[in-house]
Amino acid sequence: MLDGELRAPDCKVYVDADVSLTELISLTEPVLFDPKDKLSLDVEILNNEDYDSKRRQQFPDGFIYFRYTLDLYISDASDPRKAKLVTRLLETLWRWGSPAIAACAFED
């Protein structure tokens, strides 16, 4: 982001993991920053302000109450490359047993 310019993330991933924020960062870093990808990527991993331990279990919209959000800012990559990164992240989180949902500008 240049000169303090605010922009929406290319993708927001909602994650409901029962780990600390520090643990989530260390778990997702190798997945997001694989040197083979050669992507320009900025990530903000945040405690979700809307986190609610009961409402997170509601279907289908409970994901907006998950514990964490990962805001992904992906530059200079085609939509298929962005989708590949997000898919790898989601599949990894699911293998760890953590519910996760992505909302991306390039979903189509």
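This is a predicted model: local features need pLDDT of at least 70, side-chain atom pairs count only at pLDDT 80 or more; totals for chains, interfaces and linings use all residues.
Residues are numbered from 1 along each chain as its sequence is written, and side-chain values use heavy atoms, with hydrogens and water left out.

Start with the open sheet: four strands in the order β2-β3-β1-β4, paired antiparallel. Strands here are DSSP runs of E with at least two residues, helices are runs of H or I with at least four, and both are numbered from the N terminus; two strands pair if DSSP finds at least two bridges between them. At the edges sit β2 (40-47) and β4 (100-104), each pairing on one side only. On average, neighbouring strands are turned by 20° against each other, direction ignored. Now look at β1 (residues 11-15), which is joined to β4 by five bridges. Across from Lys 12 you'll find Ala 103 in β4.

Next come the helices. Helix α1 (residues 21-32) lies across β1, β2 and β3 (68-75), at about 160° to β2. Helix α2 (residues 79-95) lies across β1, β2, β3 and β4, at about 165° to β4. These angles run from 0 to 180 degrees between N-to-C directions, with axes fitted to C-alpha atoms, for helices over the stretch in contact.

Finally, find Trp 96 in the loop between α2 and β4. Leaving aside neighbours within four places in sequence, Trp 96 is in contact with Leu 27 and Thr 28 (contact means heavy atoms within 4.5 Å). Trp 96 and Leu 27 are 69 residues apart in sequence, yet 9.7 Å apart in space, C-alpha to C-alpha.
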